[in-house]
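Please keep the sequence and the structure in view while reading.

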Amino acid sequence: MPQTFLTDDAKADFRVIIRRSRNQFGREAAKRYQKLINISILAIARNPDLINSKRYDSARKPVRIYHTRHSRNDAAINGVTVRTPRHIIVY
């Protein structure tokens, strides 16, 4: 598996997302969202060209985008999933 790392900005963004999830939807929902993000990152690390990811050619260099909804079922906790994943990961 390729080495994966997150920038400091990405780590900060994820902390904000989890905190907001906890404040709006509760601790259990935040745990599910955190697992969703982690599972999404693992899926990308295993296969950067995921079938549900999309390549975009930007002005600087090509990037891929993966919507966390595609990892929703893999991130269930006790059969409960994040109802409406709203975030994308750009890599």
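The second largest pocket has a lining of 15 residues, and those lying nearest its centre are Ser21, Phe25, Tyr33, Val82 and Thr84. The model is a predicted one, and what follows should be read with that in mind.

- The space in the second largest pocket comes to about 380 Å³.
- Helices H1 and H2 each contribute at least two residues to the lining of the second largest pocket, and the largest share, five residues, comes from H1.
- By residue class, the lining of the second largest pocket divides into six nonpolar, five polar and four charged residues.

**The largest pocket**

- The largest pocket holds about 560 Å³ of space, and the elements that give two or more residues to its lining are H1, H2 and strand E3, which spans 88–90.
- The lining of the largest pocket is made up of 19 residues, with Phe5, Leu6, Ile89, Val90 and Tyr91 lying nearest the centre.
- H1 gives the most to the lining of the largest pocket, with five residues.
- Of the residues in the lining of the largest pocket, 14 are nonpolar, three are polar and two are charged.

- In soluble globular proteins, nonpolar side chains tend to be buried together.
- When neighbours within four places in sequence are left aside, Tyr33 is in contact with Ile17, Ile18, Ser21, Thr68, Val82, Pro85, Arg86 and His87.

**Isoleucine 18**

- Isoleucine 18, which lies in helix H1, has a relative accessible area of 14% and therefore counts as buried, the cut-off being under 20%.
- Apart from neighbours within four places in sequence, isoleucine 18 is in contact with Ala30, Tyr33, Gln34 and Ile37.
- Isoleucine 18 and alanine 29 are eleven residues apart along the chain, and their C-alpha atoms are separated by 9.0 Å.

**Proline 85**

- Proline 85 is found in the loop between E2 and E3, and with a relative accessible area of 10% this proline is likewise buried.
- Not counting residues up to four places away in sequence, proline 85 touches Tyr33, Leu36, His67, Thr68, Arg69 and Arg72.
- Between proline 85 and asparagine 23 there are 16 Å in space, C-alpha to C-alpha, for a separation of 62 residues in sequence.

**The strand pair**

- Strand E1, residues 54–57, pairs with strand E2, residues 62–67, in the antiparallel sense, and the pairing runs over four bridges.
- E1 is joined to E2 by a hairpin through four residues, and aspartate 57 stands opposite proline 62 in E2.

Conventions. Residues are numbered from 1 along each chain as its sequence is written. This is a predicted model: local features need pLDDT of at least 70, side-chain atom pairs count only at pLDDT 80 or more; totals for chains, interfaces and linings use all residues. Side-chain values use heavy atoms; hydrogens and water are left out. Contact means heavy atoms within 4.5 Å. Buried means under 20% relative accessible area, exposed over 50%, partly exposed in between (1.4 Å probe, protein chains only). On a 1 Å grid over the protein atoms alone, a cavity is a set of points where a 1.4 Å probe fits but cannot get out, and a pocket is an open set with protein on both sides within 12 Å along at least five of seven lines; lining residues have an atom within 4 Å of a point. Grid points are joined across faces, edges and corners, and a volume is the space filled by probe spheres set on the points. Ala, Val, Leu, Ile, Met, Phe, Trp, Tyr, Cys and Pro count as nonpolar, Asp, Glu, Lys and Arg as charged, and the others, Gly among them, as polar. Two strands pair if DSSP finds at least two bridges between them.
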